[in-house]
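Reader: I am new to this structure and would like to learn what its labels rest on. Could you take me through them one at a time?

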Amino acid sequence: MKTEQGIALVDRDEKGVVRAFRDDVLQGLDQYQKAIPARWLYDDAGSQLFEDITDLPEYYPTRSETEILDARGKEFAELIGTGRAVVEFGSGSSVKTPLLLRAINPSAYVPLDISGEFLRESAAALAEKFPDVDVFPVEADFMREVQLPDEVADLPKLGFFPGSTIGNMVPRTAVDLLRSMRATLGAEEGGRPLLLIGMDLVKDQQVLEAAYNDSRGVTGEFNLNLARRINRELDGTIPVDALRHTAPWNDDFARIEMHLEALEDFDFEVAGKRFSMRKGETIHTENSHKFTRRSANTLLLAGGWTPQARWTDSGDRFSLILAEATEKRDAP
């Protein structure tokens with residue numbers, strides 16, 4: 001086993017603040033509809049809160065996806081093969097990632113995540129479980145092309161993107177991410193790269209809204225943690241107690257929308273810039289798009305991936321799709 005401490009590719013300023021975080025927050029708060037990209041929900045505290053969310057009775061996606069990974073291991077092995085480098089876009093799940101690694105017996109595992117401490121902890125835990133797999137954590141913003149460690153350059157690649165995280169993005173951004181994944185996975189030694197991706201399915205509105213408005217309020221804390229992170233890392237003065245978590249279903253866009261809603265009028269500062277919110281105004285923090293078979297195929301094809309196989313759980317609530325990098329061609 002070879003386990004690296006990790007490669008850091010995140011651009012930080014002299015105070016250690018991730019520049020892209022500051023830029024996204026300042027730009028987002030200056031818009032008519034205030035909005036901050038969902039990836040910034042996942043600092044170390046946010047990542048742990050999300051792990052807690054996955055155990056909630058209302059939150060079905062993790063159980064559904066885990067059911068597929070647990071039941072279909074033999075099929076994954078036949079279609080994916082052994083000896084690949086598994087490149088996971090996000091820190092490895094303590095439950096889902098081991099199921100995949102156990103099924104396909106990879107040569108290396110490369111988790112990519114912008115949350116450095118959580119990344120290293122999860123990578124170390126997986127390295128302990130799989131002593132025969134080389135683990136190379138990379139602290140990076142996987143929304144852009146990432147240079148993978150030299151040690152995996154000549155290995156065939158499998159991208160792993162579970163959890164329907166692709167649904168957090170508007171279609172334009174999702175397509176850009178799929179294309180950057182294609183670039184990250186790179187050269188085609190040993191065959192074109194593969195991608196195993198989770199996509200949540202359209203279903204009853206009550207089931208969807210309950211999953212993002214849990215009775216224990218953990219999802220609310222996850223959402224509010226973004227405001228706390230802004231205050232801590234960007235010298236913010238957001239009155240967190242004057243915000244509440246909301247997560248309605250938007251049927252026109254087939255998505256759950258998470259917002260932080262102002263309960264009263266207030267002014268605040270972030271990184272030395274002044275902002276204000278009026279009662280009822282919101283900061284849009286996350287989308288969770290839900291897919292049909294056709295919309296999932298369309299998104300993957302637009303991003304440069306051709307679906308090869310698809311699995312759903314016993315309740316037809318969630319899907320895992322195996323796709324192959326589309327051969328570049330000039331004709332449609």
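Reader: Why is aspartate 316 called exposed?

Author: Aspartate 316 has a relative accessibility of 51%. The word "exposed" is used for over 50% relative accessible area, "buried" for under 20%, and "partly exposed" for what lies in between (1.4 Å probe, protein chains only). Since 51% is over 50%, aspartate 316 counts as exposed. Do keep in mind that this is a predicted model, in which local features need pLDDT of at least 70, side-chain atom pairs count only at pLDDT 80 or more, and totals for chains, interfaces and linings use all residues. Residues are numbered from 1 along each chain as its sequence is written, and side-chain values use heavy atoms, with hydrogens and water left out.

Reader: Where does aspartate 316 lie, and what is its phi?

Author: Aspartate 316 is in the loop between β15 (305-312) and β16 (318-325). The helices (H or I, at least four residues) and strands (E, at least two) named here are DSSP runs, numbered from the N terminus. Phi of aspartate 316 is near 55°, a positive value in a residue other than glycine. Asparagine 105 is not a glycine either, and has a positive phi of about 50°; asparagine 105 sits in the loop between α5 (96-104) and β4 (108-113).

Reader: What makes arginine 229 and glutamate 233 a salt bridge?

Author: A salt bridge needs a side-chain nitrogen of Lys or Arg within 4 Å of a carboxyl oxygen of Asp or Glu. For arginine 229 and glutamate 233 the N to O value is 3.0 Å, so the pair meets the cut-off. In general, side chains of opposite charge can pair when their charged atoms come close. Because they are four residues apart in helix α9, arginine 229 and glutamate 233 are separated by about one helical turn. Arginine 229 is buried at a relative accessible area of 6%, whereas glutamate 233, at 25%, counts as partly exposed.

Reader: How many salt bridges are there in the whole structure, and which parts does the one between glutamate 261 and arginine 244 tie together?

Author: A search of the whole structure finds 21. In the one between glutamate 261 and arginine 244, the closest N and O atoms are 3.0 Å apart. Glutamate 261 belongs to strand β11 and arginine 244 to strand β9 (residues 243-246), so this pair ties together parts that are 17 residues apart in sequence. Glutamate 261 counts as buried at 17% relative accessibility, and arginine 244 as partly exposed at 41%.

Reader: How do you know that arginine 229 sits over the ring of phenylalanine 21?

Author: The rule asks for NZ of Lys or CZ of Arg within 6 Å of the ring centre and within 35 degrees of the ring normal. The charged end of arginine 229 is 4.2 Å from the centre of the phenylalanine 21 ring, and sits over that ring. Arginine 255 likewise lies over the face of phenylalanine 253, at 4.6 Å from the ring centre.

Reader: Why is the pair of phenylalanine 76 and tryptophan 311 called edge-to-face?

Author: Rings of Phe, Tyr and Trp (its six-membered ring) pair if their centres lie within 6.5 Å; planes under 30 degrees apart are stacked, over 60 edge-to-face, and the rest tilted. Here the centres are 4.8 Å apart and the planes are at 80°, so the pair is edge-to-face. Phenylalanine 76 is in helix α4 (residues 73-80) and tryptophan 311 in strand β15, 235 residues apart. Both residues are buried.

Reader: What makes a set of residues a nonpolar core, and which residues have the most contacts inside the largest one?

Author: A nonpolar core is a set of buried Ala, Val, Leu, Ile, Met, Phe, Trp, Tyr and Cys residues joined through side-chain atoms within 4.5 Å. The largest has 42 residues, and Ile230 and Val270 have the most contacts inside it. Helix α9 gives six residues, the largest share of this core. Contact means heavy atoms within 4.5 Å; not counting residues up to four places away in sequence, isoleucine 230 touches Phe21, Val25, Ile36, Asp235, Gly236, Ile238 and Val270. Another core, of 33 residues, lies apart from it, and includes Ala140, Val175, Leu177 and Met181.

Reader: Is isoleucine 166 buried or exposed?

Author: Isoleucine 166 has 0% relative accessibility, so it counts as buried. Its place is the loop between β7 (157-161) and α7 (171-185). Leaving aside neighbours within four places in sequence, isoleucine 166 has contacts including Phe161, Ala174, Leu177 and Phe291.
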